[in-house]
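Q: I would like to learn how to read a few features of a protein model. Could we go through them one at a time?

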Amino acid sequence: MKLHAKLLKTFFYTLVFLNSASLFSQQDSIPKEKRVFWKHVQFGGGLGLAVGNGFTNISVSPTGYYNFNKTYSVGVGLTGSYVAQEQNPSNFNSIGYKSTIFGGSLIGLVHPIEEIQLSAELEELRVQRNFDDDFLYDDTFWNTALFLGAGYRAQNVTLGVKFNVLHKADNHVYSQAFVPFIRLMF
């Protein structure tokens, strides 16, 4: 009788284990709320590299967007860049310098129709500039920009221009108020 009870007990525990395993396997490890959230998220950004004749410019700008619907999106972006220019001894007007820029932005997008993208972007950058010339002073400062933009959108790519409404003539980050852009989103 002991063997029969032991087999029955083992069978019962095995049945309970397999039943509970099949019940738990039906549950998703990610709740539906999180899956729905990530379906509305897109990533994009930009990479830049320019080198030549003593000049180097490297930039990285990742961006993430949350699409509320087909018309409205919000996003955040990070920006980092390094620029260096070597002083040219044969050119008296040449100045050597190094600049690092780090910061972030908040972005709002509106698509009144599928092909048109309107944007508003508040950007805050920390700029550090170091000059090789003793007559120029090194400086570190914050630069704030508020861009309003418009672009033509084809699938995940938008080509457009944005205007910095806070631009001043002595701006040391953007030489012009108008800035062209290419926005790529995945």
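Predicted model: local features only at pLDDT ≥ 70, side-chain atom pairs only at ≥ 80, totals over all residues.

Q: Where does Q155 lie in the chain?

A: Q155 is in the loop between β6 (139-154) and β7 (157-164).

Q: What is the phi of Q155 near?

A: Most residues other than glycine have a negative phi. Q155 has a positive phi, near 55°.

Q: Which loop holds N53, and what is the phi of N53 near?

A: The loop between β1 (41-52) and β2 (55-67) holds N53. Its phi is near 50°, again a positive value in a residue other than glycine. N53 counts as exposed because its relative accessibility is 79%.

Q: Which residues make the nonpolar surface patch?

A: Nonpolar side chains join such a patch only if their residues have over 30% relative accessible area. Here L148, V161, F163, V165, L166 and F178 make a patch of about 500 Å². F178 belongs to strand β8 (residues 178-184). With a relative accessible area of 51%, F178 is exposed.

Q: How many helices and strands are in the protein chain?

A: The protein chain has two helices and eight strands, in the sequence order α-α-β-β-β-β-β-β-β-β.

Q: What share of the residues of the protein chain counts as buried?

A: Buried means under 20% relative accessible area. Of the 186 residues, 26% count as buried. The accessible surface of the chain is about 13,500 Å², and carbon and sulfur atoms contribute 64% of that surface.

Notes. Residues numbered from 1 in each chain as written. Heavy atoms only, no water. Patch = residues over 30% accessible without salt bridge, like charges linked within 9 Å, V, L, I, M, F, W, Y side chains within 5 Å. Areas by Shrake-Rupley, 256 points an atom, 1.4 Å probe, with all protein chains shown as cover. Salt bridge = Lys/Arg side-chain N within 4 Å of Asp/Glu carboxyl O. Helix = DSSP H or I, 4+ residues; strand = E, 2+ residues; numbered from the N terminus. Buried < 20%, exposed > 50% of the residue type's maximum accessible area, 1.4 Å probe, protein only.
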